[in-house]
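Take a moment to look over the sequence and the 3D structure. We will walk through some charged pairs and then a pair of packed helices.

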Amino acid sequence: MLGTMQDWPLLVTKIIDHAALNHPHRKVISRSVEGPIVETTYAAVHANAKRVTGRLLRDGIEVGDRVATLAWNTWRHLEVWYGISGAGAVCHTVNPRLFPEQIAWIINHAADRVMITDLTFLPLLEKLAPKLPTIERYVVLTDRAHMPETSLPNAIAYVDWIAYEDPATPWVSVDENTACGMCYTSGTTGNPKGVVYSHRSNVIHSLAAAQPDMLGLASRDTILPVVPMFHANGWSIAYTAPMVGATMVMPGPKMDGASIYELLTMCKVTVTAAVPTVWLMLLQYLESSGGKLPDLKRVVIGGSAAPRAMTKTFRDVYGSEVLHAWGMTEMSPLGTVCSMKPEVLMLDGEAWLDVKQATGHAPFTVEMKITGDDNVEKPRDGKTFGRLKVRGPAVAGTYFRGDGADAFDTEGWFDTGDVATIDANGYMRITDRSKDVIKSGGEWISSIDLENLAIGHPDVQEAAVIGIAHPKWDERPLLIVIAKPGRTPTRDSILNYMDGKIAKWWMPDDVAFVADIPHTATGKILKTELRQRFSSYRFPNLSD
Ligand code: ADP
């Protein structure tokens with residue numbers, strides 16, 4: 001027997017319809033690429049999204065076609081984000097921080113037909129265009145007055161492109177399983193792999209993301225997603241904020257400490273989200289300027305581990321709660337958020353911070369387990385490490401064009417490539433990427449735990465730990481450190497600081513001081529390159 005309820009398709013266009021109808025005057029405030037701060041509303045974003053749909057249809061875009069964006073977080077990006085899906089097409093957000101060859105490879109692999117971009121990226125695209133045969137037209141997110149001369153084929157200013165379209169253009173009717181968005185993993189090993197989101201997966205993901213134990217977003221909130229829309233589905237904030245009617249603040253191209261601080265205070269932002277490097281810049285700015293954050297309630301930190309010292313500073317100095325989050329492109333992207341369950345609610349001080357170091361617990365829509373290499377499930381005791389596997393309605397089931405099939409098993413579990421522990425309350429802690437974990441004497445050492453600890457030393461700006469070959473133990477940890485400007489920490493002061501806070505056999509065998517640590521295009525430490533740089537390194541104490 002079937003239920004008697006309506007079959008109301010879960011379409012992302014219904015999110016912006018809802019926002020325009022129920023929160024029409026709620027603001028979307030952006031730092032524009034041209035410079036000035038621009039205010040608009042959900043009602044106006046909705047109208048322009050419909051114009052984008054109208055224009056794409058007139059340009060011959062069909063259901064399933066890919067339309068690329070190479071753009072910062074602005075109201076215009078939000079308009080095309082919905083307008084593309086409204087045409088039944090797939091909004092493919094491309095990450096401009098990748099190498100140009102990788103950008104070209106991704107666009108060709110996706111076979112994008114239109115490229116919608118910001119003024120910032122015209123020089124890059126002018127060089128790449130001859131290598132992008134599938135792109136028929138370039139739309140520049142600006143008006144006629146700011147549109148420069150360009151060699152790009154069929155280039156047009158966005159405002160002109162949609163000028164004569166009807167703001168009541170109907171969305172193209174599609175099934176909820178139709179593709180609506182696409183994002184490539186940054187592919188630190190091998191080629192990038194395409195993840196294709198459906199309308200349904202994005203709606204379900206956003207319903208989960210808004211929940212009190214996840215981002216806890218409400219119409220009363222003002223959210224500043226510093227995380228770019230081209231990172232991992234923009235952490236789904238471009239769906240979740242209009243779904244609940246929260247005010248959005250978009251940083252445009254400026255993500256330095258001073259610019260973010262200006263928006264946080266000027267717009268009275270209550271929730272913000274970004275990778276740790278962004279918060280490092282903000283905290284450094286606040287320290288030097290003496291700025292305060294009176295309105296900021298929650299800071300979502302993910303993409304890489306949030307250092308304990310960062311969580312503590314936000315709490316103790318600025319009165320903001322860090323929500324440590326873990327996820328990935330393949331998970332739409334939220335997997336877990338570290339909010340407090342009743343079992344840990346009474347904790348404070350260092351014990352509270354201990355819990356906050358976890359990457360959090362899963363919402364209803366994410367199933368998690370840890371297994372050994374033999375695929376047998378490991379206990380949820382908070383101590384045993386295992387390969388982290390996930391499944392759920394907003395988790396990738398395959399990659400675009402069938403790439404990377406070995407990450408998915410026959411029971412629908414996706415191997416995240418992360419190593420983690422899960423405790424009896426369901427709190428998960430990422431201890432490493434499976435390829436970065438340090439295997440010492442048959443046991444595993446978490447490079448992330450060591451990095452987090454080292455960064456708590458007052459003279460350490462950034463820390464990375466890699467495994468170095470060792471004749472007796474297979475591998476031992478080497479701690480690589482950038483000192484804070486004007487400080488000169490010694491090997492012994494750092495190791496003494498770490499002593500007693502970890503098991504003896506986890507202590508790094510040596511500390512190397514460097515001027516820079518390489519990062520991926522999504523802000524993660526590029527361990528492959530670090531391992532290469534230190535490939536001829538030998539521990540000084542190897543006589544034993
Ligand atoms: P990309 O692989 O393109 O850089 P993703 O966002 O898909 O981008 O990366 C996902 C990976 O980032 C996760 O598998 C995990 O290794 C890492 N990661 C994400 N959040 C955290 C976190 N809070 N702590 C530690 N690692 C994290």
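## A first look at Lys 312

Is Lys 312 buried, partly exposed or exposed? With a relative accessibility of 33%, Lys 312 is partly exposed, because partly exposed covers the range between buried (under 20%) and exposed (over 50%). Keep in mind as you read that this is a predicted model.

Now find the partner of Lys 312: a salt bridge joins Lys 312 to Asp 316, and their closest N and O atoms are 3.2 Å apart. Both residues sit in helix α11, four residues apart, so about one helical turn separates them. Asp 316 is partly exposed too, at a relative accessible area of 44%.

Arg 308 pairs with Glu 350, and here the closest N and O atoms lie 3.0 Å apart. Arg 308 belongs to helix α11 (residues 308-318) and Glu 350 to helix α12 (residues 349-356), so this pair ties together parts that are 42 residues apart in sequence.

How accessible are these two partners? Glu 350 has 43% relative accessibility and is partly exposed. Arg 308 has a relative accessible area of 23%, which also counts as partly exposed.

For the structure, the count comes to 30 salt bridges.

Another example is found at Arg 491 and Asp 492, whose side chains meet in a salt bridge with an N to O distance of 3.3 Å. Arg 491 is partly exposed at 32% relative accessibility, and Asp 492 is partly exposed with a relative accessible area of 45%.

## Two helices packed together

The crossing of α1 and α8 is left-handed.

Which residues make this contact? From α1 come Ile 15, Ile 16, His 18 and Ala 19, and they meet Tyr 239, Pro 242 and Met 243 from α8. Sorted by type, the residues of this contact are six nonpolar, one polar and no charged.

Key:
Residues are numbered from 1 along each chain as its sequence is written. This is a predicted model: local features need pLDDT of at least 70, side-chain atom pairs count only at pLDDT 80 or more; totals for chains, interfaces and linings use all residues. Side-chain values use heavy atoms; hydrogens and water are left out. A salt bridge is a side-chain nitrogen of Lys or Arg within 4 Å of a carboxyl oxygen of Asp or Glu. Buried means under 20% relative accessible area, exposed over 50%, partly exposed in between (1.4 Å probe, protein chains only). A crossing is left-handed if the near helix is turned anticlockwise from the far one by less than a right angle, and right-handed if clockwise. Contact means heavy atoms within 4.5 Å. Ala, Val, Leu, Ile, Met, Phe, Trp, Tyr, Cys and Pro count as nonpolar, Asp, Glu, Lys and Arg as charged, and the others, Gly among them, as polar.
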